[in-house]
Amino acid sequence: MPLRPFQVAGHHYTTRSKPAAQLPLVNLYPEPAQDSSRCPGGFYLKPTPGSKPWATVGKGPIRGLTFFDGKLIAVSGTAVYSVTSGGVPALLGHVGGSLTAPVYMQANTTQLMIIDGSGGWYVQDGVMNAITDEDFEGASSLAFINGFMVVTLPDKQQFRWSRPYDVTDWNGLDFASAEGSPDDALAVVQQRQLLWFAGGKSVEAFYTGEGFVTAPFIRYDGSFIDRGCAAAASAIAVDQQVIWLADDRTVRMIENNSPRPISTPALEEKFEDYETISDAWATTYSWDGEHVYALTFPTEGVTWELGLRTGRWRERSSGIGLDRTRWRYNVVFRAFGKVLAGDSLSGRIDELTTDPTESGEAIERQWSMIEIHNNRARFNCPRVELDIESGQGTATGQGADPRIMHDISRDGGHTYMAERLMQPGKTGEYTARPYSTRLGQGRNLINRFRMTDPVGIAVYGGYAEVQPLGN
């Protein structure tokens, strides 16, 4: 009997009701396919980037990265370093605050301002100093627009701004309030020529007026959004789009001044189950032309990524098996023609690459096939086969004879049979066809796959032999 094509799942979608959806997608992402005849879903799965070591900067964790005055600026623990293009660090000074708090950095033409929730500092002419102006009251987030450094104030509705192009000069009368709702301003995010202020209950925008006499910032009419922010560090701009974790435990994007939900119901189920979401921390990067929003929940130990080109979510993780946890990188930044990632566990700054490991450590990749069925009638399944990029094994060591682990559920995802091993081919075995046989009988089959060998892989689709047995 001929094999029937079945598409692989192109996003992560697992629900509390197991028969409803059990479609994991971990450390892989969908790419639109030009040849849809080979890819039943119109896409194929590519591996998320691996990494290789680039530099070690202090003891860590890496809390912030930016580029200023021709060098990478890295905050490692409480220490601030400048790093050359060759990965050589030089200590500039220290900040305060918690080792787990995010750091915000913005530059004007001559100064780099740094805040971490406990104070403010600046770097100028290679020297780092504290901001000592008595009218600077600290800051919880930071943005730069049209010469002004703009900060939100801890536990207040107000935001303040510096004198133009001078982060050392603050006037106690230079402030305004995000007053659309009586909540504190938690974060400020720049989007083109707008500043969006996210509070616990609402979001609203301001812009700089031309030829202003008193206050340079004017509320943008029609921008008030009655949907707040659940985690200040989740609010960032991604490819000029403002995205944040909202107070109703959804992820939202501002679109035409409206808070469009971009998380899935399955993901929102998971958010509801998390005990702590206020420490969620977002970063962004682009890879192979796609901009990515990466949202980490440190207390829960999990990272979720959204690809803006496809609008699909996947889980991003480090480690394998029982040791698999959140993606290890806190922040990603492009500098020196490289995509650099700051480690949450050490002072390491790695370069994201197409390597199939994270600086030599294995990456576990998981995917699934859309449920195999026969219109509710019972069937026998003698064979399941994957269409993948075969023959990518390593020359020696782990991965020289790679394996794909395959497990099957015949009861709607409640229980799974023992894992079987598929063979995707040693190096050069490009025609290898990984398959499993004698999968048993049922009304539906859920197929999950995972791979831990350090091997590059692309998944195009799947095939199954379905033999009807009647009702």
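Among contacts in the chain between residues at least 6 apart in sequence, what percentage join residues at least 24 apart? It is 57%. Keep that in mind as we go. One caution before the details: this is a predicted model.

Start with the whole chain. It has one helix and 42 strands. Its radius of gyration is 25 Å, close to the 23 Å that the globule rule gives for 471 residues, so the chain is as compact as a globular protein of that length. The C-alpha trace spans about 80 × 50 × 40 Å along its principal axes.

Of the 471 residues, 55% are buried. The chain exposes about 19,600 Å². Carbon and sulfur atoms supply 47% of that area.

Next, one sheet. Strands of a sheet pair through backbone hydrogen bonds, either parallel or antiparallel. Which is it here? The pairing is antiparallel. The sheet is open and has five strands. Their order is β27-β28-β29-β30-β31. Look at the edges: β27, residues 281–287, and β31, residues 325–326. Each has a single partner strand, so one side of each is left without a neighbour in the sheet.

Zoom in on β27. Its pairing with β28, residues 290–297, runs over seven bridges in the antiparallel sense. Find tyrosine 285. Opposite it, in β28, stands valine 292.

Last, the helix. Helix α1 covers residues 265–273. Which strands does α1 lie across? They are β28, β29 and β30. In residue numbers, β29 is 302–307 and β30 is 312–318. Against β29, helix α1 runs at about 155°.

Key:
Residues numbered from 1 in each chain as written. Predicted model: local features only at pLDDT ≥ 70, side-chain atom pairs only at ≥ 80, totals over all residues. Heavy atoms only, no water. Pairing = 2+ DSSP bridges. Helix = DSSP H or I, 4+ residues; strand = E, 2+ residues; numbered from the N terminus. Contact = heavy atoms within 4.5 Å. Axes fitted to C-alpha atoms, helices over the stretch in contact; angles between N-to-C directions. Rg over C-alpha atoms; globule rule 2.2 N^0.38 Å. Buried < 20%, exposed > 50% of the residue type's maximum accessible area, 1.4 Å probe, protein only. Areas by Shrake-Rupley, 256 points an atom, 1.4 Å probe, with all protein chains shown as cover.
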